[in-house]
Amino acid sequence: MDIADVAKASGLKPSTLRYYEQKGLIHSAGRRGLRRYYDATVLEKLALINLGRYVGLSLDEIGQMLLPKGVDIDRALLRQKTAELDKQIASMQAIRDGLHHAAHCPAPNHLACPTFQRLMKLAGKRLKPQKSKL
C-alpha cells in the first residue's frame, strides 16, 4: 500500500504517518521514487497506536509496547491509565450532576442554594491561578 492508501484507510494524514515512521512506531516496506510503501499489516499497528492515543498514552509509551515482531502490552501501565480514567469519569459525573442540579434548582438565586454553594467550594479548590504574562 502506498502512503496515500494508508492515509485514506487509517484516517491519518501522510505527515502523521511520516512522523510515526520517524519515531520508529511504524516502518515502510520500501519506496518507489519518493513515495513510501507499507505492508497491509501497518493498518493494525496504526489502530493500536490510535487506541493508545485515545486512552491517553504518549507515543513513547505506545512505542515501548510495539515490538518489531508483535506487541508487548505493559499491563501495569494500563492499570495506571485505568485508575486515571476512573478518576476522570468520577469527576465528569460530579460535574454533570452539578450542572443538572443548577439547571433544575428551584431556588430563585443559585447563590442561595446550599447544594450550589458546595459545588462552588469544590470548584474553587480545584481552580489553579493562571501565571502572569508579565
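Helices (H or I, at least four residues) and strands (E, at least two) are DSSP runs, numbered from the N terminus. With that in hand, let's take a walk around the model.

**Before you start**

This is a predicted model, in which local features need pLDDT of at least 70 and side-chain atom pairs count only at pLDDT 80 or more, while totals for chains, interfaces and linings use all residues. Residue numbers start from 1 along each chain as its sequence is written, and side-chain values use heavy atoms, with hydrogens and water left out.

**Stop 1: the whole chain**

Show the chain as a cartoon. Turn the view along the principal axes: the C-alpha atoms fill a box of roughly 70 × 40 × 35 Å. The chain has a radius of gyration of 23 Å, whereas a compact globule of 134 residues would have one near 14 Å. That radius is taken over C-alpha atoms, and the globule rule is 2.2 Å times the number of residues to the power 0.38.

Buried residues make up 20% of the 134. Here buried means under 20% relative accessible area, exposed means over 50%, and partly exposed lies in between (1.4 Å probe, protein chains only).

**Stop 2: Arg36**

Select Arg36, which lies in strand 2 (residues 35-37). Is Arg36 buried or exposed? With a relative accessible area of 16%, Arg36 is buried. Show its side chain together with that of Glu21, and you will find a polar contact of 2.9 Å joining the two. A polar contact is a pair of N or O atoms within 3.5 Å; within protein, one must be able to donate a hydrogen and the other to accept it, and residues adjacent in sequence count only if both atoms are side-chain atoms. Next, display what Arg36 touches (heavy atoms within 4.5 Å). Leaving out residues up to four places away in sequence, the partners include Met1, Asp2, Arg18 and Ser28.

**Stop 3: Asp2**

From Arg36, step to its partner Asp2, in the segment before helix 1 (3-10). Asp2 counts as buried because its relative accessibility is 12%. Which side chain does Asp2 join through a polar contact of 3.1 Å? It is that of Arg35. Beyond its neighbours within four places in sequence, Asp2 is in contact with Arg35, Arg36 and Tyr37.

**Stop 4: Arg53**

Move on to helix 3 (residues 42-54) and pick Arg53. Arg53 counts as partly exposed, at 43% relative accessibility. Not counting residues up to four places away in sequence, Arg53 touches Tyr20, Ser58, Leu59 and Ile62.

**Stop 5: Gly98**

Finish in helix 5 (residues 75-104), where Gly98 is found. Gly98 is buried, with a relative accessible area of 11%.
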